[in-house]
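Visitor: Could you take me on a close look at the surroundings of one ligand? I would like to know what lies around it and what kind of space it sits in.

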Amino acid sequence: MASRAEDRPPHASPHAPPDIRHDWTRAEAESLFALPLNELLYRAHGLHRRYFDANEVQLSTLLNVKDGGCPEDCKYCAQSARYESGFKAKKLMALDEVVAQATAAKAAGAQRFCMGAAWRAPKDHELESVLDMVAAVKGLGMETCVTLGMLTGDQARRLAAAGLDYYNHNLDTSEEYYAEVITTRTYQDRLDTLAHVRAAGLRVCCGGILGLGESVADRASMLVTLANLAPHPESVPINMLVAIEGTPYAANAPIDAIDFVRVIAAARIMMPASVVRFAAGRAEMDVAAQALAFFAGANSVFYGEKLLTTPNPAGAEDRQLFDRLGLKPMTPRA
Ligand code: SAM
Ligand code: DTB
Ligand code: SF4
């Protein structure tokens, strides 16, 4: 397929292979991981600079609007009702509380407000309440994102009509490894929801988790699935597993920081125009490793002292980090 004009940076030669491709193979992704680190970083950072201001970072604040009690069995998750994580189920948060939290996030400098719910899939009356949240947060002048589990086409269209900007729905791992991690839904269920979200005209936020016991081939396979979605997800969160007491993955070994950086770099090369988020796991990584991840192509973070159920660096700590690194908040695109 011929590449679209906007897929090429202005100075690219018309004969050069396009940067933006949807025909990646697992062997290619694995060979990126196998490059000497400096070579991999050089290639990734070069692409990063072609498509982005390399000194800008996108800031998203997360709020769990529906805590715990989820019927799914995702082995990493604090909110599955199947494990003894000690995390209690609560009712859907009230609208005024959501607005108060979004207002505080905006005042602290967040550009996007992401609301998560521990559902397998929203019921229609539950979706109604989320539509009100989306409209209210949008009314504050923030970008909106929600992650609610599986959606029908109709539900995706209703979210789009309410003014939603992004829908987050992660593939989490490779298709081959998926059934090891989650048995209550299939990879195809995930892909179907992503297709509904895209067809409704929403921007897609889709990534995965490292540290689930997956192999390097699984990591390559996940990136290939992501990069072969056409168009690419606009936002690609790469999470490090936050090991949760009581879940089957409580004792998983932490992933090596350099391996994490390699995945960020490969994601940057395979999806050069997408915003790649260093998502969960920054609280467990030192500043030098975070700086390397930003150089490798990460240009978004979760900003605010809590993820969904676990800690994230505090806003003041991150502001200090961004100052040290000379990173500035990214201007949201229209
Ligand atoms: N229930 C919905 C779903 O799973 O689609 C939305 C909320 S769910 C908590 C959103 C995403 O958070 C998951 O797909 C997973 O990628 C990430 N996540 C959950 N628990 C995590 C953990 N302990 N460590 C890293 N990422 C995690
Ligand atoms: C994503 O990719 N990561 C976020 C968000 N999308 C919803 C969730 C991270 C959760 C980390 C573990 C927790 O706080 O429970
Ligand atoms: Fe439920 Fe989402 Fe957690 Fe899976 S990741 S158990 S679907 S809240």
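Guide: Let us begin with ligand 3, whose neighbours are C70, E72, C74, Y76, C77, S80, A118, W119 and R185; a residue counts as near a molecule if one of its heavy atoms lies within 4 Å of it. Sorted by class, this shell has six nonpolar, one polar and two charged residues. Here Ala, Val, Leu, Ile, Met, Phe, Trp, Tyr, Cys and Pro count as nonpolar, Asp, Glu, Lys and Arg as charged, and the others, Gly among them, as polar.

A word on what you are looking at: this is a predicted model, in which local features need pLDDT of at least 70 and side-chain atom pairs count only at pLDDT 80 or more, while totals for chains, interfaces and linings use all residues. Residues are numbered from 1 along each chain as its sequence is written, chains are lettered from A and ligands numbered from 1 in the order in which they are written, and side-chain values use heavy atoms, with hydrogens and water left out.

Now for the space itself. Ligand 3 sits in the largest cavity, meaning that more than half of its atoms lie within 2 Å of the cavity's grid points. A cavity is a set of points, on a 1 Å grid over the protein atoms alone, where a 1.4 Å probe fits but cannot get out, and its lining residues have an atom within 4 Å of a point. The volume of the largest cavity is about 860 Å³, taken as the space filled by probe spheres set on the points, which are joined across faces, edges and corners. Of the 42 residues that line the largest cavity, Y76, C77, Q79, N170 and L308 are the closest to its centre.

By class, the lining of the largest cavity has 24 nonpolar, 12 polar and six charged residues.

A search of the whole structure finds two cavities of 30 Å³ or more.

How values were computed. 1 Å grid on protein atoms, 1.4 Å probe; cavity = no way out; pocket = protein on both sides within 12 Å on 5 of 7 lines; lining within 4 Å.
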